[in-house]
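Please keep the sequence and the model in view while reading.

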Amino acid sequence: MRKKKFIFNLTILLTLTGTTVADACTGITLKSKDNGIVVARTIEWGESEMENLYVIVPRNYIQQSMLPEGEGGGMTFSSLYGYVGLAVVEPGWVVDGMNEAGLSAALFYFPGYGQYPKYNPENKNKTISDFQLVSWILSRYSTIDQVKEAIKKINVVSIYPNASTAHWRVTDSTGRQIVIEIIDGVPQIYENKLGVLTNSPNFPWQIKNLNNYVNLMPGTAGPVKMEGITLSAFGAGSGMLGLPGDFTPPSRFVRASFLQTYSIQQDTSYDSAMLAFHLLNNFDVPLGTEFPVGKVPVNMPSATQWTIATDMKDRIIYYHTMYNRTIRSINMDKIDFANIPFQYYPLDEKKQETVIPATIKK
């Protein structure tokens with residue numbers, strides 16, 4: 001029964017990664033006055049409802065990578081560190097999480113620009129699938145330098161040759177953050193001081209593209225006089241006139257960069273995590289925008305299936321979903337990773353909003 005379910009889920013994943021409809025993930029990073037760091041992101045998939053899970057992985061838990069087209073026998077790795085992650089479709093396919101050493105890692109779609117190395121069966125013992133790379137990073141490493149060195153010694157492949165590629169954001173407890181992109185089979189690693197990530201094109205292009213918006217600023221523009229005519233803003237915020245509002249990856253990268261930069265720095269990491277949800281509301285993708293009129297394949301509340309904010313200082317993972325906007329939390333300090341068993345649960349116990357009636361005095 002488990003094997004049949006795995007094959008079914010593999011089919012879903014191959015369909016998911018073989019299209020560009022899902023390439024709408026948006027990530028931001030916030031720093032609080034108490035030296036807290038919060039990494040947050042959305043995940044989108046509009047074709048169907050994914051099986052969304054949270055996973056708790058203990059120390060010494062052993063995993064083995066899948067290989068192209070479902071072949072078994074890839075790289076085996078055990079967890080030096082326990083971790084908590086949010087997964088899609090299968091518990092082993094963690095796409096965002098943090099380990100007990102304070103390292104965070106996340107997968108973002110990167111269609112059309114990445115190229116993994118060609119799979120060589122002779123190297124299968126050091127080959128890992130892209131959807132298991134986050135688990136491998138969280139299992140084994142605690143610093144950016146360790147990850148940078150280790151990524152050079154393995155081969156990352158897709159489990160399906162025609163699937164979309166991915167890139168990754170990794171952040172350690174000091175706040176240092178990198179982006180990993182595999183181009184022409186070679187890992188390219190970029191320091192991400194801005195802390196924003198979306199999808200394609202590549203990260204250096206996204207940073208360079210910000211120069212096209214050098215005119216944007218917080219506040220209100222004008223007034224401006226023109227030959228006896230005074231031009232005045234219709235309302236507040238006109239300094240951001242021209243900020244792109246569509247859902248393409250370059251536009252979301254620009255919008256996230258400016259909203260993050262000009263948000264008010266919060267006193268605590270908890271406050272920053274709550275602010276992250278407000279900022280990421282700007283990237284909640286209405287399902288109907290991804291398809292032609294009348295061609296939407298499924299009726300869900302949103303293409304944005306879940307949003308996560310990880311408080312790296314207090315070691316708490318917060319999330320809400322398309323079905324329930326109530327924020328839920330997983331406190332890693334309350335988990336004994338040396339003794340707890342491997343376990344996973346759906347993100348939603350019930351797929352409905354938590355609605356609390358307002359108090360009305362009679």
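## Terms and basis

A residue is called buried when its relative accessible area is under 20%, exposed when the value is over 50%, and partly exposed in between, with a 1.4 Å probe and protein chains only. By this scale Glu 191, at 37% relative accessibility, counts as partly exposed.

The model is predicted: local features need pLDDT of at least 70, side-chain atom pairs count only at pLDDT 80 or more, and totals for chains, interfaces and linings use all residues. Residues are numbered from 1 along each chain as its sequence is written, and side-chain values use heavy atoms, with hydrogens and water left out.

## Overall form

The chain contains six helices and 19 strands. These elements are DSSP runs numbered from the N terminus, where a helix (H or I) has at least four residues and a strand (E) at least two. Buried residues account for 52% of the 362 residues.

The C-alpha atoms occupy a box of roughly 75 × 60 × 50 Å along the principal axes. The radius of gyration, taken over C-alpha atoms, can be set against a globule rule of 2.2 Å times the number of residues to the power 0.38. For 362 residues a compact globule would have a value near 21 Å, and the chain agrees because its radius of gyration is 21 Å.

## Salt bridges

A salt bridge is a side-chain nitrogen of Lys or Arg within 4 Å of a carboxyl oxygen of Asp or Glu. The whole structure holds 11 of them. One of these joins Arg 59 to Glu 100, with the closest N and O atoms 2.7 Å apart. This pair links distant parts of the chain, 41 residues apart: Arg 59 is in the loop between β3 (52-57) and β4 (62-64), and Glu 100 is in the loop between β7 and β8 (104-109). Arg 59 is partly exposed at 35% relative accessibility, whereas Glu 100 is buried at 18%.

Which residues are linked in a network of salt bridges? The network consists of Asp 145, Lys 148, Arg 176 and Glu 191. Within it, Asp 145 and Arg 176 form a bridge whose closest N and O atoms are 2.8 Å apart. Asp 145 belongs to helix α3 (residues 144-151) and Arg 176 to the loop between β11 (166-171) and β12 (177-183), so this bridge ties together parts 31 residues apart in sequence. Arg 176 is partly exposed, its relative accessible area being 26%. Arg 176 also forms a salt bridge with Glu 191, where the closest N and O atoms are 2.7 Å apart. Glu 191 lies in strand β13 (residues 186-191), so the second bridge ties the loop of Arg 176 to a part 15 residues apart in sequence.

## Aromatic contacts

Rings of Phe, Tyr and Trp (its six-membered ring) form a pair if their centres lie within 6.5 Å; planes under 30 degrees apart count as stacked, over 60 as edge-to-face and the rest as tilted. The count by this rule is 12 aromatic pairs. Trp 93 and Phe 131 make an edge-to-face pair, 6.5 Å centre to centre with 85 degrees between the planes. Trp 93 is in the loop between β6 (83-88) and β7 (94-99), and Phe 131 is in the loop between β9 (127-129) and α2 (133-140), so the pair links distant parts of the chain, 38 residues apart. Both residues, Trp 93 and Phe 131, are buried.

Trp 136 and Tyr 141 form an edge-to-face pair as well, with 5.2 Å between centres and 75 degrees between planes. Both Trp 136 and Tyr 141 are buried. Elsewhere, ring pairs link Tyr 54, Tyr 319 and Tyr 345 into a cluster. A charge sits over a ring if NZ of Lys or CZ of Arg is within 6 Å of the ring centre and within 35 degrees of the ring normal; the charged end of Arg 41 sits in this way over the ring of Phe 108, 4.2 Å from its centre.

## A buried aspartate

Asp 130 is found in the loop between β9 and α2. Is Asp 130 buried or exposed? Asp 130 counts as buried because its relative accessible area is 4%. The C-alpha atoms of Asp 130 and Asp 246 are separated by 28 Å, and the two residues are 116 residues apart along the chain.
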